[in-house]
Amino acid sequence: MKRTFSFQLSTGSGDDRGTVIALARAALARGHDVRVFLMDDGVFALREPALESLFRAGAEIGVCALSASARGVARVDWAVWGTQGESAANVLESDRCLAFD
């Protein structure tokens, strides 16, 4: 059964970032839908080439525009700039959600 997994990353920790990327990769490999939303210091993950590769593999990548702007993180063409409201919608529309704070 195909499921939708949502991952929220709000920490700048490399360990958390690596865990999100590994779990998202595993879910994609099993044919599931994946959504990753970055907020707070998690927006620094946009600098990770592995995150772009998740997008290329089919994951949806969302970014809190306010968090990115406050931290001087530039837009990338493969991520959708959004709001906390869109993050909440991702959670509601997902079968499972993991948050890394």
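A quick word on the ground rules: residues are numbered from 1 along each chain as its sequence is written, and side-chain values use heavy atoms, with hydrogens and water left out. Because this is a predicted model, local features need pLDDT of at least 70 and side-chain atom pairs count only at pLDDT 80 or more, while totals for chains, interfaces and linings use all residues.

**The core**

Let's start inside. The largest nonpolar core has 25 residues. Such a core is a set of buried Ala, Val, Leu, Ile, Met, Phe, Trp, Tyr and Cys residues joined through side-chain atoms within 4.5 Å. Val34, Val36, Leu38, Leu46, Leu51, Ile61 and Val63 have the most contacts inside this core. Two or more residues each come from β1 (4-9), α1 (14-29), β2, α2 (49-56) and β3, and α1 gives the most, with five residues. Helices (H or I, at least four residues) and strands (E, at least two) are DSSP runs, numbered from the N terminus.

By contrast, the C-alpha atoms of Val34 and Gly12, 22 residues apart along the chain, are separated by 20 Å. Ile61 is in contact with Val36, Leu38, Leu51, Phe55, Trp78, Ala79 and Val80, again leaving aside neighbours within four places in sequence.

**The aromatic pair**

Two of those Ile61 partners, Phe55 and Trp78, turn up again here. A search of the whole structure finds one aromatic pair. The rings of Phe55 and Trp78 have their centres 6.4 Å apart and their planes at 35°, so the pair is tilted. For the cut-offs, rings of Phe, Tyr and Trp (its six-membered ring) pair if their centres lie within 6.5 Å; planes under 30 degrees apart count as stacked, over 60 as edge-to-face and the rest as tilted. Phe55 lies in helix α2 and Trp78 in the loop between α3 (65-70) and β4, so the pair ties together parts that are 23 residues apart in sequence.

**Who is buried?**

Buried means under 20% relative accessible area, exposed over 50%, and partly exposed in between (1.4 Å probe, protein chains only).

| Residue | Relative accessible area | Class |
|---|---|---|
| Val34 | 2% | buried |
| Ser87 | 2% | buried |
| Trp78 | 8% | buried |
| Phe55 | 29% | partly exposed |
| Asp40 | 35% | partly exposed |

Asp40 sits in the loop between β2 and α2. Its phi is near 50°, a positive value in a residue other than glycine. Ser87 belongs to helix α4 and, leaving aside neighbours within four places in sequence, is in contact with Gln8, Phe37 and Met39.

**The pocket**

β3 provides the largest share, four residues.

Note on methods. Contact = heavy atoms within 4.5 Å.
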